[in-house]
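Some labels used for protein models rest on a value and a cut-off.

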Amino acid sequence: MGPDTLKHLFGLMIPIIAICIPIVAIVAGIRMKMAREQLMHETVRQLAERGQPIPPELLNAQLREAKPGGWTPAANLRGGAINTAVGLGLILMFSVMQPGSWLWSIGCIPLFIGIALLLLWRMERDKA
């Protein structure tokens, strides 16, 4: 395994590291959340053993974290506007880069997602 072999491996290391970084971030986030929950449960257990009342703020904070946030109409509007702008930008960029090519159609994916989110925002606004 000489220096020439290592030069060939550098080309493979970049995508491998690029894939590993988000995986490590997700695992670290999950471990931090588990550690925080374990500390909260330990605190509740110690309070219960001593016969002290458990503060409702402690339990409410835990319930707030467990409840899914969901999509609000403002989030639909924001996401729809961003996706629509990204889709239009990709269509414009690819059509200028290679006129007559099919690459512009890549921008249709975020464009149609954005349009769908804007339609959801409009329906929820009209319903309210």
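The questions and answers below concern this predicted model.

Q: What makes up the fold of the protein chain, counted in helices and strands?
A: The protein chain has 4 helices and 0 strands. Along the sequence, the pattern reads α-α-α-α.

Q: Why is Asn 76 called buried?
A: Asn 76 has a relative accessible area of 2%. Buried means under 20%, so Asn 76 counts as buried.

Q: Where is Asn 76, and which residues does Asn 76 touch beyond four places away in sequence?
A: Asn 76 lies in helix H3, which covers residues 73–97. Leaving out residues up to four places away in sequence, Asn 76 touches Trp 71, Leu 117, Leu 120, Trp 121 and Glu 124. A contact here requires heavy atoms within 4.5 Å.

Q: Why does Gly 80 count as buried?
A: The relative accessibility of Gly 80 is 0%. The cut-off for buried is under 20%, and Gly 80 therefore counts as buried.

Q: Which helix holds Gly 80, and what does Gly 80 touch beyond four places away in sequence?
A: Gly 80 is in helix H3. With residues up to four places away not counted, Gly 80 touches Gly 114, Leu 117 and Leu 118.

Q: Why are H3 and H4 called roughly antiparallel?
A: The axes of H3 and helix H4 (residues 108–127) cross at roughly 155°. Angles over 145 degrees count as roughly antiparallel, so H3 and H4 are roughly antiparallel to each other. The two axes come within 7 Å, and H3 passes H4 in a left-handed crossing.

Q: What kinds of residues form the contact of H3 with H4?
A: The residues of this contact divide into 16 nonpolar, 7 polar and 1 charged. Gly is counted among the polar residues.

Q: How many residues does the protein chain have, and what share counts as buried?
A: The protein chain has 128 residues, and 15% of them count as buried. Its accessible surface comes to about 10300 Å², of which 72% belongs to carbon and sulfur atoms.

Technical notes. Residues numbered from 1 in each chain as written. Predicted model: local features only at pLDDT ≥ 70, side-chain atom pairs only at ≥ 80, totals over all residues. Heavy atoms only, no water. Helix = DSSP H or I, 4+ residues; strand = E, 2+ residues; numbered from the N terminus. Buried < 20%, exposed > 50% of the residue type's maximum accessible area, 1.4 Å probe, protein only. Areas by Shrake-Rupley, 256 points an atom, 1.4 Å probe, with all protein chains shown as cover. Axes fitted to C-alpha atoms, helices over the stretch in contact; angles between N-to-C directions. Parallel < 35°, antiparallel > 145°, perpendicular 65-115°, else oblique. Left-handed = near helix turned anticlockwise from the far one by under 90°.
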